[in-house]
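Hi,

Here is the structure I promised to pass on. Have a look at it first, and then read my notes below.

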Amino acid sequence: MIIPKQMPLEKILKTIEGIENILVVGCDGCSGIYQVGGIKQAETLATLIKMHRQLNNEPGEIRHTIVLRQCDQQLVATTLRPQMENIDALLSLACGVGPQTLIDVFPDHKILTAVDTFGMGGKDRELGHFFEYCSGCGDCLLNDTGGICPMTRCPKALVNGPCGGMLDGKCEVGDYKNDCAWFLIYERLKKLGQLDKFKKYREPRDWRVAQSPRKLEI
Amino acid sequence: MAKREAYSKLMEEIHAGKFVYTGELEPEKIGDMEEVIEGAKKLVGHVVAANVTDIPQSFAYMNSLAPSYMIQEIAGLEAVCQMTCRDRNRLAMFADLLAAGALGIKNILALTGDHPSLGDQPEAKPVFDLDSASLTALIRKITDEGIDLNGHEIEHPPKFHVGVAINPGAVPLEPEILKLERKEAIGAEFAQTQVVFEIESAKEFMKAIKHVKVPTLIGIFPLKSFKIGQWMNNFVPGVTIPPNLLDQLKELKKIEDKPRRKEKIAEMNVEYFGEIIKEIRKTTQAAGCHIMAVKWEELIPQLIEVAGR
């Protein structure tokens with residue numbers, strides 16, 4: 001799923017300065033599942049903004065709502081159209097896709113985000129850590145690298161790793177706290193008896209497949 | 001594999017089976033090349049060639065290409081021009097290789113390069129469009145076929161020898177050796193190792209890569225001070241400095257008279273590393289030693305005198 005992180009409140013307040021009527025829009029997709037932009041977080045953020053405005057005698061109405069998936073134009077339109085009366089701006093709690101979908105549907109409104117987006121990954125529920133696992137490069141290597149993505153999990157995105165910065169299976173980037181992706185690939189391919197895949201030379205990537213912006217016909 | 005033609009003195013000597021010595025020069029954050037050229041002049045006649053570093057540890061320094069040319073032209077010392085993949089995409093790497101060829105550079109050390117986050121501009125965007133393996137492959141295409149990565153012909157294609165780096169201290173060692181085998185298959189012609197401080201680790205490593213037919217130069221790093229030794233021990237991946245060597249440096253640190261202290265430290269290094277190099281030369285299949293005595297060039301002839309040629 002997509003990894004979202006709510007911006008610090010001060011940064012959000014600065015972003016909405018001078019805008020009177022705001023609809024805080026949560027997303028029940030990735031952001032809601034990760035409890036960053038669900039209905040509860042939308043309500044909390046709306047309450048905090050209201051409190052700040054009351055304390056500073058600032059005018060305006062702050063409401064909140066949620067869309068099942070903010071990345072779907074139809075869902076955004078049907079859910080939000082009835083709630084847009086008097087609204088000057090939408091403040092999105094979805095990933096970076098959400099606000100841009102909101103613009104597609106409501107081109108005449110101010111659209112703002114309260115979230116920094118960190119890419120695609122998984123969560124370790126016990127530790128509460130998010131891990132980035134996929135960068136959506138458009139040319140998947142997983143079948144060739146034991147199921148571990150070097151494009152995302154190696155800071156240099158090397159296709160012929162590991163580099164000299166690996167020590168005891170850890171990566172020089174981040175002070176040897178993170179796993180070296182190519183060490184994980186080596187271990188996994190060794191376990192699978194496929195070290196030939198590790199040793200083989202991989203040609204430099206064709207970056208055209210990752211050329212933004214991409215559009216997929218479905 | 002049949003031996004390729006030698007275009008450089010370094011490769012001539014390697015092919016001739018001589019035990020070769022290379023040095024290292026580091027252009028820093030400086031707007032002229034006097035120091036590098038002076039360093040190169042001191043190395044002439046003692047080493048066959050010297051590496052010129054390419055933004056080492058991702059510190060924003062002068063590039064390697066221009067000083068590589070200048071040490072050849074002015075000092076008469078052959079360069080091993082280091083090229084890292086950190087800062088340039090394949091277009092820029094290729095462009096610099098053509099320029100290097102036109103400037104008479106014959107030896108390229110193909111490195112992936114340290115990540116920018118380790119240096120003094122950690123905000124920089126990392127490139128790594130190529131890596132040390134694909135850069136090696138590119139150099140082979142230029143040299144052997146006169147073409148670029150996509151097969152387009154080059155007019156008057158340059159001829160290079162391509163070297164790679166390897167770390168004997170890598171833990172675990174197996175992926176490092178597999179990587180060297182990968183680069184051997186691509187056509188790497190020589191290898192230089194990360195620094196080695198103990199003869200036993202050099203011997204074990206050379207035994208572990210005996211099946212790989214890439215002439216390998218063992219990296220030697222004389223220690224100028226206790227502080228540098230301690231830093232290397234703590235912060236350089238795979239480097240362990242023997243405690244007795246660190247103790248000796250710590251003891252010498254106590255000498256108050258600076259010139260005398262420097263002299264004693266030099267003596268200690270010559271004795272310690274001279275013996276290691278001698279042992280490498282006599283007991284292993286190493287093609288030579290790569291001595292990284294940056295700004296300490298005068299040490300190299302002394303080391304070679306102990307170690308022999």
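**Notes on the two chains**

Pro172(B) sits in the loop that runs between S5 and H6 of chain B; helices here are DSSP runs of H or I with at least four residues, strands are runs of E with at least two, and both are numbered from the N terminus. The peptide bond that joins Val171(B) to Pro172(B) is cis, with omega about -5°.

Before going further, please note that this is a predicted model, in which local features need pLDDT of at least 70 and side-chain atom pairs count only at pLDDT 80 or more, while totals for chains, interfaces and linings use all residues. Residues are numbered from 1 along each chain as its sequence is written, and chains are lettered from A and ligands numbered from 1 in the order in which they are written.

**H6 of chain B**

After H6(B) comes Gly187(B), with a positive phi near 125°.

**Where the chains meet**

How many residues of chain B are in contact with chain A? There are 28, and they touch 23 residues of chain A; a contact means C-beta atoms, placed from the backbone, within 7 Å. H6(B) gives the largest share of the chain B side, six residues. That side divides into 15 nonpolar, seven polar and six charged residues. In this count Ala, Val, Leu, Ile, Met, Phe, Trp, Tyr, Cys and Pro are nonpolar, Asp, Glu, Lys and Arg are charged, and the others, Gly among them, are polar.

The largest nonpolar core has 107 residues, and Ala50(B), Ile71(B) and Ile220(B) touch the most other members. Such a core is a set of buried Ala, Val, Leu, Ile, Met, Phe, Trp, Tyr and Cys residues joined through C-beta atoms within 7 Å. Helix H7 (181-191) of chain A gives the most to this core, seven residues. Apart from it lies another core of 28 residues, including Cys30(A) and Ile62(A). Leaving out residues up to four places away in sequence, Ile71(B) touches Leu25(B), Val36(B) and Ala50(B), among others.

**The chains one by one**

Chain A has eight helices and nine strands, and chain B has eleven helices and eight strands. A compact globule of 218 residues would have a radius of gyration near 17 Å, but chain A has 21 Å. For chain B, with 309 residues, the rule gives a value near 19 Å, and its 19 Å agrees. The radius is taken over C-alpha atoms, and the rule is 2.2 Å times the number of residues to the power 0.38. Buried residues make up 35% of chain A and 49% of chain B.

**Local points to look at**

Chain A also has a cis peptide bond, joining Gly161(A) and Pro162(A), with omega about -5°. Asn86(A), in the loop between H4 (73-80) and S4 (89-92) of chain A, has a positive phi near 65° and is exposed, with 10 other C-beta atoms within 10 Å. Ser58(B) has a positive phi near 60°, but is buried, with 21 C-beta neighbours inside 10 Å. Most residues other than glycine have a negative phi, and most peptide bonds are trans.

His109(A) is partly exposed, with 16 C-beta neighbours inside 10 Å, and its C-alpha atom is 57 Å from that of Gly193(A).

Best wishes

Definitions and conventions
Buried ≥ 20, exposed ≤ 12 C-beta atoms within 10 Å, placed from the backbone. Contact = placed C-beta atoms within 7 Å.
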